[in-house]
Amino acid sequence: MCNQAADLDSIACCVALGVSYGATPFIPIPHKELRLRREAEWLLKECSIPLDSIAFLGEADPVDAEEIILVDHNILHPEYKALAPKITEVIDHHKDECRLAAARTIVQTGSCATLVGQRLLNNYTTSANPSLPQNLAMLLLGAILIDTRCLAQRHPTTELDRKVAAQLAEISGCSSRALYDKLWNLKSDLSVFTPQELLAKDYKEVVTLRAKVGFCAIYGALESISESLMEQAEIFRQSRQLDHLVLMSAYYQGEELHKELALVPDCSWNQETIAYLDSKGAQLEPKSVIGGIRVYSQKNTDYSRKQILPFIKEILG
Ligand SMILES: [Mn+2]
């Protein structure tokens, strides 16, 4: 079972493990939302993974499964709380907040596909299964390349990411550069999406006793997306009954990575939150105001949602 955002990493891990273990991969988004993840849609097809071998949200109830392996996350969304006793294993690269009684492989690598790749490379060494199939190697390699910017990004790429990617590239026969360029072009072409689709494309939420907070990861400078972005964000926030919505954007200008953060709606909680994130090293500087919402430039570009989300959870207590 993959995470709520169902990004390429999560989907690749879930599908590769499912295929290898003869289990059904569960992706908790409606099938029709796969088209919002164009790079994932393309890569699954390129790797000859039949979409009817995957269970999307509404097509199967994970509660009917006998055993579940969580990939690319280690805390269950409250909606899936009932699954806890069925979870036998967790493979993840996020901050370890796991309270499940399951076997764990939680290592802070650039991509969870590195950990799944390492596992499968080790499993496929018997005479009955001499090698990881080419298509699964390509699927996992694609996810690692996207998460580590073709292994070039200083953070969060680790030695293990490089090592596993090299092995997967060899098995798949893929040029890492060519595969990365294709995936990146698909991922960064946002012209086909409406603002609501962009907000939903890579979305996670946190629910505590005090508040429900959503996190939208967006590729592109916030001011370049739509003049009505903040109005759209407010509609999105209300439709999901969120107290706060955190917009996090990342984009490149040439080789330079930029990140931004904005909090919707404009309220007193925002200042407290910005101050807390700053105390944790986010280095937020006021950049502009769009539709009445302050946009901050996040100078510490090593921080992504992986770090910001747990910090905000700390504020919510
Ligand atoms: Mn991941």
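This is a predicted model: local features need pLDDT of at least 70, side-chain atom pairs count only at pLDDT 80 or more; totals for chains, interfaces and linings use all residues.
Start with the whole protein chain in cartoon view. Eleven helices and eleven strands are present. The radius of gyration is 19 Å, close to the 20 Å that the globule rule gives for 317 residues, so the chain is as compact as a globular protein of that length. Oriented along its principal axes, the C-alpha trace spans about 65 × 45 × 35 Å. Of the contacts with a separation of 6 or more, 64% join residues 24 or more positions apart.

Next, colour residues 8–187 and 195–316 separately; the domain assignment gives these as domain 1 and domain 2. Their centres, taken over C-alpha atoms, are separated by 26 Å. Where the domains meet, select seven residues of domain 1, which are in contact with eight residues of domain 2. The domain 1 side comprises two nonpolar, two polar and three charged residues.

Now turn to the interior. Buried residues make up 40% of the 317 residues. The largest nonpolar core has 87 residues; select Cys-13, Ala-16, Val-71, Val-116, Leu-140 and Leu-247, which touch the most other members. Then show helix α4 (residues 134–147), which gives the most to this core, with ten residues. Both domain 1 and domain 2 give residues to the core, so it lies between them.

Leaving aside neighbours within four places in sequence, its contacts include Met-1, Cys-2, Ser-10, Leu-17, Ile-91, Asp-92 and Cys-112. Cys-13 and Val-116 are also in contact with Val-71, and both are among the core residues selected above.

Conventions. Residues are numbered from 1 along each chain as its sequence is written. Helices (H or I, at least four residues) and strands (E, at least two) are DSSP runs, numbered from the N terminus. The radius of gyration is taken over C-alpha atoms; the globule rule is 2.2 Å times the number of residues to the power 0.38. A residue is buried if 20 or more other C-beta atoms lie within 10 Å of its own, exposed if 12 or fewer, and partly exposed in between; C-beta atoms are placed from the backbone. Two residues are in contact if their C-beta atoms, placed from the backbone, lie within 7 Å. A nonpolar core is a set of buried Ala, Val, Leu, Ile, Met, Phe, Trp, Tyr and Cys residues joined through C-beta atoms within 7 Å. Domain bounds come from an automatic or database domain assignment. Ala, Val, Leu, Ile, Met, Phe, Trp, Tyr, Cys and Pro count as nonpolar, Asp, Glu, Lys and Arg as charged, and the others, Gly among them, as polar.
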